[in-house]
Amino acid sequence: MPIPTAAQRGRRARRGVRAALAVAVVAGAAALTGCAPTVSLDPAPAAADPECAAIMVRLPGTVAGADRRDTDAQSTAAWGSPASVLLHCGVPVPGPTTQRCISIDDVDWVEDATDEPIYTYTTYGRDPATEVTIDSTLISASTVLTELTPAVGSVPAEGGCVGAEDVG
């Protein structure tokens, strides 16, 4: 292999500098536009339910100040960078439970605090059910649920939470 001349070495060096600058410009543009990688999620068993489509088109662009992110699964959504709110529509409808139930604007949510400070809330009395997982160290769960309730509430309620005082 012949030894490159000084001119050839200079051209290669300039091409290398230009390539590095191009990468830096693309990376800078991505940072300025707030591009974040797609959040990889698995679809819920009933993700293709038409009621899930109705929810998805009603979801807000931001929740609790966190911007919505792209996801790669049907009937899912994510907000925040890092993703601090994950939504799955079409999860199994929960049956009667002793877990805490929260009502927000006529939508009942069953709270699962098993992985605290990560909380999972599942709609109760709505089919299909929607599940929202929230990292409470990064974002307010009550604000998130309040802001998601109008979209999730588009699925008609077929029941709701009851307490011991409601059972005869």
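**Entry 1: the whole chain**

Among contacts in the chain between residues at least 6 apart in sequence, what percentage join residues at least 24 apart? I looked it up and found 56%, where contact means heavy atoms within 4.5 Å.

A note to myself before going on: this is a predicted model, in which local features need pLDDT of at least 70, side-chain atom pairs count only at pLDDT 80 or more, and totals for chains, interfaces and linings use all residues. Residues are numbered from 1 along each chain as its sequence is written, and side-chain values use heavy atoms, with hydrogens and water left out.

Next I listed the elements. I found three helices and eight strands in the chain; helices (H or I, at least four residues) and strands (E, at least two) are DSSP runs, numbered from the N terminus. Starting at the N terminus, I read the order as α-α-β-β-β-β-β-β-β-β-α.

I also checked the surface. The chain has 168 residues, and 33% of them count as buried. Buried means under 20% relative accessible area, exposed over 50%, and partly exposed in between (1.4 Å probe, protein chains only). The chain exposes about 9,800 Å², with 56% of that supplied by carbon and sulfur atoms; the areas come from the Shrake-Rupley method with a 1.4 Å probe, and for residues only the protein chains shown count as cover.

I followed the side chains along β5, residues 101–104, and saw them alternate.

Then I looked for the partner of β5. Strand β6 (residues 107–115) runs antiparallel to β5, and four bridges join them; two strands pair if DSSP finds at least two bridges between them. Opposite Cys-101 I found Val-110 of β6. The hairpin of these strands has two residues between them, and Asp-105 takes a positive phi near 50° there.

How many aromatic pairs does the structure hold? I found one. Tyr-119 and Tyr-121 form this pair, stacked at 6.3 Å centre to centre with 25° between the planes. Rings of Phe, Tyr and Trp (its six-membered ring) pair if their centres lie within 6.5 Å; planes under 30 degrees apart count as stacked, over 60 as edge-to-face and the rest as tilted.

Thr-123 is in strand β7, residues 118–124. Is Thr-123 buried or exposed? Thr-123 counts as buried because its relative accessibility is 0%. Leaving aside neighbours within four places in sequence, I noted its contacts, among them Pro-94, Trp-109 and Val-152.
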